[in-house]
Amino acid sequence: MARYGMALNYKNCINCRACETACKEENGVLLGKDNYRIWVGVKEAEGLFPNISIASQTYHPSQCQHCSNAPCQLVCPTNATYYSKDGIVKVDPVKCILCTYCINACPYDARYVDQRTITVDKCTFCSDTRLANGETTTACQATCPTKVRVFGDLDDPTSEISQLLAKKEYRRVKEHLGTEPKLFYIL
Amino acid sequence: MNTISLKKLFYFEKTPLNLLMAFITVALLGAFAAGAVLYILHGHHAYNVTRQHPWGLLISMYVFFVVSSTGLCIISSIGHVFGIPEFQQIGKRAIAGAIITISSGFAVIALEIGHPVTMLIYNVLTPGLTSAIWWMGTLYGMYLAFICLEFFFLAIKENHTLSKFFGIGGLLVGLAAHSNLGAVFGFLVSRPSANGVFYPVYFILSAMITGCYLIFLMYGFRYKMNFPAKVEVMLVKLSKILGMLLAVLIFFEAWKILTAVYGDLPERGATIMHSIKHPNFWFGELILGMLIPFTIILVSNAKAIKATVYASITGMVGIFFMRYDLVHDTLLYPMRTLKISEYELAPTFLEYFPSFAEFAIGFGGIGISLFLYYVADKVFNLDESHSH
């Protein structure tokens, strides 16, 4: 069985936000300030004119980190949040009671309330849409013009993501919390 | 148990204090109904909670009510579980108060949880045993059953052995439930200002303080400040217990702040500094909730019972701020630290102010408590029965 993860060449990101749009389109995420599964964070340039560090301005594409030790799953009182057999952290809307404890527990702000089902929603690596139809890429990956994202099976040593992670240095967000995220930011 | 007609139930002496309390009760019940209608019409859109600040005043008020309930249960157990004679007189009144306050808490949380019926089903079918909310909810359900049976054998079909049995059960399950409620916040690894052992322990301590304040308020109203000698003896002793508990709380808080600020750990030191600079903390929690009652008890050597009753009003206001800050301060530090839109600044400490519907439901819960207490006082004899 696969163990899906994603590597991000985040320094290639140009903040075009095609990924945000593709995600909304593919997964039917509603418009609205709080309704998003993925986003691009903007770290502004540091320093005062004329000594402004252009290199310090970076874009950080982000989403659910699909942690192997997910705080959101631990705190769910009805096991509505669960790991799929592919290691994807998912929410069963039938069991979700909307206590929003998982939103509080997530260190990455990756969850929100879906106004269609009035339950908690989050990134699923397009498992219900693209992967279920036999695709091997996520919508955000497929649409990215600068090839920031590489999605694949971490347990397959021949997969593109495994090859990339074997060759490049990377960091994971808030790794010190012991969440074991499966999003890898290539340095 | 008294058999009374509807007319007698709603008859009361028309003193200014009684009329004021009646007005407050009806106004708060009306507010609760209005808030409930707004929630039914608009769902969570009626509240000012957001993706970044998903819990608000209603969670605070739920905690406020269950803290009150557990506190009353613990304080009442001094008498009829641990057998200290002077405290046996408070048993029925305190346990009635415990049932009433937790029922109000459940009424408030029912309008905060998005799918309460689903909760009842899947809490049983697919229990999340690693979830503090699951344990808290399940144990509080058991606790309510225990204290209802305890009250039944105290006030309706008097049986000291059974009331003591269910009293011990209610106390133990209540303590477990309440510390689990603290763990709901203490288990949040993503929130360094809340994560750790402090809240599960602090919840028990602040529950006992809340229980003392409520006993003072209930007896102050019951006897209109003209306390019989037996009650006065009990209240003086309770005042001494309250003073000691407040001293421990001030000590706890001081060390919580010092350890949080020391070394300025990321996300923790700055969050705690931000929260203690806010008037909600230094005026609400510290002055109203701790220092005014503590000073009165200290200066009067715990003998100024009437002043302590008045201080219990400020104490309960302080307890409210403790519960409000508990939720807000936990969520203060943003989990998304980078801006995601051109038209915003980089995220900083989160702002939150409750909506009308949140105020109406949250404070309306107090109206439910006042009304149920009025009914309980009429229907049951909440004073000590001589056969007890």
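A word on conventions: residues are numbered from 1 along each chain as its sequence is written, chains are lettered from A, and ligands are numbered from 1, in the order in which they are written. Because this is a predicted model, local features need pLDDT of at least 70 and side-chain atom pairs count only at pLDDT 80 or more, while totals for chains, interfaces and linings use all residues, and side-chain values use heavy atoms, with hydrogens and water left out.

Let me start with the interface. The size of an interface is often given as the accessible area lost when the parts come together. Here chain A and chain B bury about 3300 Å² between them, and 55% of that is on carbon and sulfur atoms; buried area is the accessible area, taken with a 1.4 Å probe, that two parts lose on being put together, summed over both. On the side of chain A, the residues that lose the most area to chain B are A:Ile97, A:Tyr101 and A:Asn104, which together account for 21% of what that side buries. In terms of contact, meaning heavy atoms within 4.5 Å, 43 residues of chain A and 40 residues of chain B take part.

Across this interface the rule finds 26 residue pairs in polar contact, both residues being at pLDDT 80 or more. A polar contact is a pair of N or O atoms within 3.5 Å, where, within protein, one must be able to donate a hydrogen and the other to accept it, and residues adjacent in sequence count only if both atoms are side-chain atoms. The elements of chain A that give two or more residues to the side touching chain B are strand E2 (39–43), helix H2 (71–75) and helix H3 (101–105), and of these E2(A) gives the most, with five residues. Helices here are DSSP runs (H or I) of at least four residues and strands are runs (E) of at least two, numbered from the N terminus.

Which residue of chain A forms a salt bridge with B:Arg51? That partner is A:Asp109, with the closest N and O atoms 3.4 Å apart, a salt bridge being a side-chain nitrogen of Lys or Arg within 4 Å of a carboxyl oxygen of Asp or Glu.

Within chain A, the side chains of A:Lys90 and A:Asp128 meet in a salt bridge at 2.9 Å, N to O. This pair links distant parts of the chain, 38 residues apart, with A:Lys90 in strand E5 (residues 89–91) and A:Asp128 in the loop between strand E7 (119–121) and helix H4 (139–143) of chain A. A:Lys90 is buried at 12% relative accessible area, whereas A:Asp128 is exposed at 51%; buried means under 20%, exposed over 50%, and partly exposed in between, with a 1.4 Å probe and protein chains only.

In chain B, the side chains of B:Arg93 and B:Asp383 form a salt bridge at 2.7 Å, N to O. Since B:Arg93 lies in helix H4 (residues 91–110) of chain B and B:Asp383 in the segment after helix H13 (356–379), the pair ties together parts that are 290 residues apart in sequence. B:Arg93 counts as buried, at 1% relative accessibility. B:Asp383 also meets B:Arg222 in a salt bridge, at 2.6 Å, N to O, and B:Arg222 sits in helix H8 (residues 198–223) of chain B, 161 residues from B:Asp383.

Not counting residues up to four places away in sequence, B:Asn123 touches A:Pro77, A:Thr78, B:Thr118 and B:Trp134.

Finally, the backbone. Most residues other than glycine have a negative phi, and most peptide bonds are trans. Against that background, a cis peptide bond joins A:Phe49 and A:Pro50, with omega about 5 degrees, and A:Pro50 is found in the loop between E2 and strand E3 (58–62) of chain A. B:Asp264, although not a glycine, has a positive phi of about 50 degrees, and B:Asp264 lies in the loop between helix H9 (229–261) and helix H10 (269–276) of chain B.
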